[in-house]
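Please keep the sequence and the model in view while reading.

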Amino acid sequence: CHTLFGPRFAMLRDEFRCPAIPIKPQAQRVLVNFGGFDAAMQTHHAMLAMADFDALEVDFVAGADNPAWDDMQAMAATRPNWRLHSFVSDFYRLMTEADLFVGAGGGTSWERAAMGLPTICIAVSNNQQANGEVMAASGAHVYLGPREQVSIEQLRQAIGFVAGNQGIRQSLADHSRQLVDGR
């Protein structure tokens, strides 16, 4: 019997057997997703944190049942570089187009790691905290902590720092790919 434990053996769809995404000098496109429902309204918090980043193109993916949906629609309508999606059939494509991901520490963590997609992670539930801590300790993403402990200002500062720092994004991508190879 041969056991396969740990992120190296994460079971991923075939499309995640892919080359690493290129790391640009400056992040231009951000993908934000905190799960399908996002009862904690972290997508809305991310919008508030990113309100002053006019040069970034941002795709926000959150279900239309999100408690802050109306507020998010109103914010997105005033920013030409923002797209708010209630559903996407090809999340993988959005991931390949992104230079930075902001989101939760659930199952897509392994997909992002296999792609080498630099990530800022916030745990939205207790079962995501250990995952967030382990991946951060491995250098695979920036973990800000459980949602109750992360302010909008802290998220704003993290996004600004990581988006503008190619070296950090490259290091996150390299460590991610070492942790999860997608095979």
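## Salt bridges

A salt bridge is counted where a side-chain nitrogen of Lys or Arg lies within 4 Å of a carboxyl oxygen of Asp or Glu. The model is a predicted one, in which local features need pLDDT of at least 70, side-chain atom pairs count only at pLDDT 80 or more, and totals for chains, interfaces and linings use all residues. Residues are numbered from 1 along each chain as its sequence is written, and side-chain values use heavy atoms, with hydrogens and water left out.

By this rule there are 8 salt bridges. One of them joins R83 and E57, with N to O at 3.4 Å. R83 is in strand 3 (residues 82-85) and E57 in strand 2, 26 residues apart, and the pair links distant parts of the chain. Helices (H or I, at least four residues) and strands (E, at least two) are DSSP runs, numbered from the N terminus. R83 has a relative accessible area of 27% and is partly exposed; E57, at 33%, is also partly exposed. For these classes, buried means under 20% relative accessible area, exposed means over 50%, and partly exposed is in between (1.4 Å probe, protein chains only).

## The network and a helical pair

A second salt bridge is formed by the side chains of D59 and R29, at 2.8 Å from N to O. Because D59 belongs to strand 2 (residues 57-61) and R29 to strand 1, this pair ties together parts that are 30 residues apart in sequence. Both D59 and R29 are buried. A network of salt bridges links R29, E57, D59, R83, R93 and E97.

The salt bridge between R156 and E153 has its closest N and O atoms 2.4 Å apart. These two residues are 3 residues apart in helix 6 (residues 152-163), a separation of about one helical turn. R156 is partly exposed at 23% relative accessibility, and E153 is partly exposed at 37%.

## Overall fold

The protein chain holds 7 helices and 6 strands. In order from the N terminus, its elements run β-α-β-α-β-α-β-α-β-α-β-α-α. Its radius of gyration is 15 Å, close to the 16 Å that the globule rule gives for 183 residues, so the chain is as compact as a globular protein of that length. The radius is taken over C-alpha atoms, and the globule rule is 2.2 Å times the number of residues to the power 0.38. Along its principal axes the C-alpha trace spans about 55 × 35 × 30 Å.

Of the 183 residues, 48% are buried. Contact means heavy atoms within 4.5 Å. Among contacts with a separation of 6 or more, 68% are between residues 24 or more positions apart. The chain exposes about 8800 Å², and carbon and sulfur atoms supply 52% of this area, as computed by the Shrake-Rupley method with a 1.4 Å probe, where for residues only the protein chains shown count as cover.

Helix 1 is mostly covered, with 7 of its 9 residues buried. The buried residues are Q42, T43, H44, A46, M47, A49 and M50. They pack against strand 1, strand 2, helix 2 (69-77), strand 3, strand 5 and helix 6.

Helix 4 (residues 108-115) is mostly covered as well, with 6 of its 8 residues buried: S109, E111, R112, A113, A114 and M115. Their cover includes helix 3 (91-97), strand 4 (100-103), strand 5 (119-123), helix 5 (129-137) and helix 7 (166-179). G116 follows helix 4 and has a positive phi, near 75 degrees.

## Two loop residues

D38 lies in the loop between strand 1 (29-33) and helix 1 (42-50). D38 is buried but has no salt bridge, and the nearest side chain of opposite charge, that of R147, is 7.3 Å away. In this count Lys and Arg are positive and Asp and Glu negative, while His and the chain ends are not counted. The D38 side chain makes a polar contact with the side chain of T43 at 2.7 Å. A polar contact is a pair of N or O atoms within 3.5 Å; within protein, one must be able to donate a hydrogen and the other to accept it, and residues adjacent in sequence count only if both atoms are side-chain atoms. Neighbours within four places in sequence aside, D38 is in contact with T43, H44, N66 and P67.

S86 lies in the loop between strand 3 and helix 3 and is partly exposed, with a relative accessible area of 40%. Not counting residues up to four places away in sequence, S86 touches A62, G63, A64 and W69. S86 and W69 are 17 residues apart in sequence, and their C-alpha atoms are 9.0 Å apart in space.
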